[in-house]
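Visitor: I'm new to this structure. Can you walk me through it?
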Amino acid sequence: MTSPLMLSTEQYLVPSLPTIWFGVVLFTLAMYVALDGFDFGIGMLYATRDEHDRETLLAAFGPVWDANEVWLVAFGTTLLAAFPPIYSRLLSEHYLLAIAIVMGLVFRGVSPELREQRDDDDWQRICDRLFVFGSTITPLLLGTLVGSWIFGTPALSAPSLLTGIGLVALSLASGAAFVAAKTRGSLAADMVRYGTASTLSYLGGVVVLLTVVLWTDPVGVRSLLLTPSAVAVVLGSVLLGVGGIVLARRGRHRLWFASTVGLSALLVALVARLLYPTIYPASGLTIEGAVVSPLALNLVTVLGLPVLVLVLWYFKFLYDVFAGPIDEQGAEGGY
């Protein structure tokens, strides 16, 4: 008796299923970079505002903040489900970095809640600083981890640290664009100024990073960077970044925010190009060598992908409900 194909121990549902799951893993990473990226950016911008504007910033992303972090869980879950050796190596070889990222997430997660527990200026000042610190250090360390992953370099190396700094600048740009799209007046105008500076910093950082990588050629990545697809992604990022600045200055803030989402997607696309067909350059592990057995991947596909589609539908619903502008007087707009 022939077993149903989905339960086969020897064949994938489709021959390219491991590559499809490589794409799924990086899709969840792109969603996290784009959505929690603007959360991080708003947390950094929090340091530049007065008490009233801070309430507005928190109201701008409050309804979606916790939900956005789901994509970090989705990234870890899909990576563990499809490529457990990579999940294990990433966490074990970057143990201290992973713990520091968790601590950064904890700082930014609990500080706004603790702030409301005491009507004391010193206490609230400490909580505010922890919120800004957590919002800054988390993307810096996440970017450093990703840089170490794709370039096969130690965390304390120029390529890894420059990747982290680039993610901080990109998060700041997307945070400014999101706030500008949700507000009006002087606050939106200030966001255009911050967003322009951070976008230019991001593009400049990408140029410096690529120069360092081309010069040092870690794990032979230079040949991949010079392929037409990688060059197209880099040029696309420059055009999208410059286009976003033009849109910001013309008051097209929603399109400006969309352009920062595109920048996040192109950043992860570049990561995918530099990894494929390997998935852990430092060890030489390929997608085919790190993926789970056909039976396991077939079952994960049948059971897991519908859940991912449901999550995507929920996010569309969530963002549609809270799509409105902020009521800056009551800081309760959009919902």
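Visitor: What should helix α7 span at 1.5 Å a residue?
Guide: The 25 residues of α7 (residues 158-182) should span 36 Å, and its end C-alpha atoms are 36 Å apart, which agrees. The expected span is 1.5 Å times one less than the number of residues. Helices here are DSSP runs (H or I, at least four residues), numbered from the N terminus.

Visitor: Where do these numbers come from?
Guide: This is a predicted model; local features need pLDDT of at least 70, side-chain atom pairs count only at pLDDT 80 or more, and totals for chains, interfaces and linings use all residues. Residues are numbered from 1 along each chain as its sequence is written, and side-chain values use heavy atoms, leaving out hydrogens and water.

Visitor: How many residues of α7 are buried?
Guide: 20 of its 25. Buried means under 20% relative accessible area, with a 1.4 Å probe and protein chains only.

Visitor: New topic. What does Phe22 touch?
Guide: Leaving aside residues up to four places away in sequence, Phe22 touches Phe83, Ala272, Leu275, Tyr276, Thr278, Ile279 and Ile287. Touching means heavy atoms within 4.5 Å.

Visitor: And cavities, how many of 30 Å³ or more?
Guide: Two. A cavity is a set of points on a 1 Å grid over the protein atoms alone where a 1.4 Å probe fits but cannot get out; lining residues have an atom within 4 Å of a point. Volume is the space filled by probe spheres set on the points, which are joined across faces, edges and corners.

Visitor: What volume has the largest one?
Guide: About 220 Å³. The largest cavity is lined by 19 residues, with Tyr202, Val206, Leu209, Leu267 and Leu270 nearest its centre.

Definitions and conventions. Helices (H or I, at least four residues) and strands (E, at least two) are DSSP runs, numbered from the N terminus. Buried means under 20% relative accessible area, exposed over 50%, partly exposed in between (1.4 Å probe, protein chains only). On a 1 Å grid over the protein atoms alone, a cavity is a set of points where a 1.4 Å probe fits but cannot get out, and a pocket is an open set with protein on both sides within 12 Å along at least five of seven lines; lining residues have an atom within 4 Å of a point.
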